[in-house]
Amino acid sequence: MPDIVPLPPGYADWLTNLKTRIHQAQQRAALAVNRELVLLYWQIGQDILARQAQQGWGAKVIDRLAQDLRAAFPDMKGFSPRNLKYMRAFAQAWPDADFVQGVLAQLPWYHHLALLDKLPSPEARRWYAAKAIEHNWSRNVLVMQIETQLQERSGTAVTNFEVQLPKLDSDLARESLKDPYRFDFLGLSEEAQEREIEHALVKHLTEFLLELGAGFAFVGRQVLLNVGGDEFFIDLLFYHLKLRCYVVIELKGGKFKPEHLGQLSFYLTAVDTQIKTEHDKPTIGLLLCKSKNKVVAEYALRDSAQPMGVAEYQLIESLPTELQTSLPSIAQIEQALAGDETAEKEPA
């Protein structure tokens, strides 16, 4: 190691800048390599499609092609018969070369396999591909969003944003909310109480932020508001980086009631008065409830002067009927445990 000497003025800032530039260069290089690989795979797929159409190539030719390519490029992965068939499917799903080059080449190859395997329609593939690029999703996150039907849930919460927010903010805010929200990751039963859910959401904050969507930053839980000497506590407070506003989330364990919005409205006023700065836009409220009557929610929101939305949450998915019948009941489990003399007892 070189001798440690006093650093010249500005060295630390210069080093930080150099590290940033090196990381950026590495990222650009990786993106360039990925881009060329995706385009190569698309071109190979196009060639296979053309020769199959013109010359009647069958699966045996693809097997032979895989063997020859692997022999020619032993250090290069991706030329298995299975992957060559994916290349063909990729080219068939995306015939527009300009779209592949301009948009899809931004996604890694294994993202494309997930889109092909899990989505039947071109429209859905386009939607999830755009979101994956916009939010820089990993493949695992992309698969999770597809399996939890993000597209179908996005922008479906009952809100009054169209009336209470400017057009651009209204569209972004509406698209930022879902209905229902899925909290399967909490591992709670359907009977869990509001505070149990709230505590578990904070404990699983990473997964909760992922379910909320891009742009949400966690501010706090049970945030104290002192109004005229009385104390009030907001369940969950977030800040939306794109909307540039605070988002108050209140949890209700039962069915939606119009009076719930009165409490939420009070919290929005308090946040706008005590926490919001002149640079922030008006605070948005989201009421998460176990169930709701959509018409009742629309009526309740109609005359509100503040931007609010109502959405449901789901703790766990119901078990399929065939699985329910194959599982033992609680009584059967207890009976089996009581009759097992070798079973270990719980410590007192």
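Analyst: Let us start with two helices. In this predicted model, the axes of helix α3 (residues 81–93) and helix α5 come within 10 Å. They cross at roughly 70°.

User: How is α3 oriented to α5, roughly parallel or roughly perpendicular?

Analyst: The axes of α3 and α5 cross at roughly 70°. Angles of 65 to 115 degrees count as roughly perpendicular. Therefore α3 lies to α5 in this way: roughly perpendicular.

User: Which residues in α5 does α3 meet?

Analyst: On the α3 side, the residues are N83, Y86, M87, A89, F90 and A93. By class, the contact of α3 with α5 has 8 nonpolar, 2 polar and 1 charged residues. The partners in α5 are W109, H112, L113, L116 and D117.

User: How are α5 and α7 oriented, roughly parallel or roughly perpendicular?

Analyst: Helix α5 covers residues 109–118 and helix α7 covers residues 139–147. Their axes come within 9 Å and cross at roughly 15°. Angles under 35 degrees count as roughly parallel. So the two helices are roughly parallel.

User: Is the crossing of α5 and α7 left-handed or right-handed, and which residues in α7 take part in the contact?

Analyst: The crossing is right-handed. From α5 come Y110, H111, A114, L115 and K118. They meet, in α7, R139, L142, V143, I146 and E147.

User: Now the strands. How many bridges join β3 and β4?

Analyst: Strand β3 spans residues 216–227, and strand β4 spans residues 230–240. They form a hairpin with 2 residues between them. In the turn, G228 has a positive phi of about 60°. The strands pair in the antiparallel sense, and the bridges number 10.

User: Which residue in β5 is the bridge partner of H240?

Analyst: Strand β5 covers residues 245–255 and runs antiparallel to β4, with 5 bridges joining them. β4 and β5 form a hairpin with 4 residues between them, and R244 in the turn has a positive phi of about 60°. The partner of H240 is C245.

User: Which residue in β4 stands opposite F218, and what kind of aromatic pair does that β4 residue form with F208?

Analyst: F218 stands opposite F238 in β4. F238 also pairs with F208 in helix α12 (residues 205–212), 30 residues apart in the chain. The F208 and F238 rings are 5.6 Å centre to centre, with 75° between the planes. Planes over 60 degrees apart count as one kind, so the pair is edge-to-face.

User: How many aromatic pairs does the structure hold?

Analyst: The pair of F208 and F238 is an aromatic pair. For the structure, the number of aromatic pairs is 14.

Note on methods. Residues numbered from 1 in each chain as written. Predicted model: local features only at pLDDT ≥ 70, side-chain atom pairs only at ≥ 80, totals over all residues. Heavy atoms only, no water. Pairing = 2+ DSSP bridges. Axes fitted to C-alpha atoms, helices over the stretch in contact; angles between N-to-C directions. Parallel < 35°, antiparallel > 145°, perpendicular 65-115°, else oblique. Left-handed = near helix turned anticlockwise from the far one by under 90°. Contact = heavy atoms within 4.5 Å. Nonpolar A, V, L, I, M, F, W, Y, C, P; charged D, E, K, R; others polar. Phe/Tyr/Trp six-rings, centres within 6.5 Å; stacked < 30°, edge-to-face > 60°.
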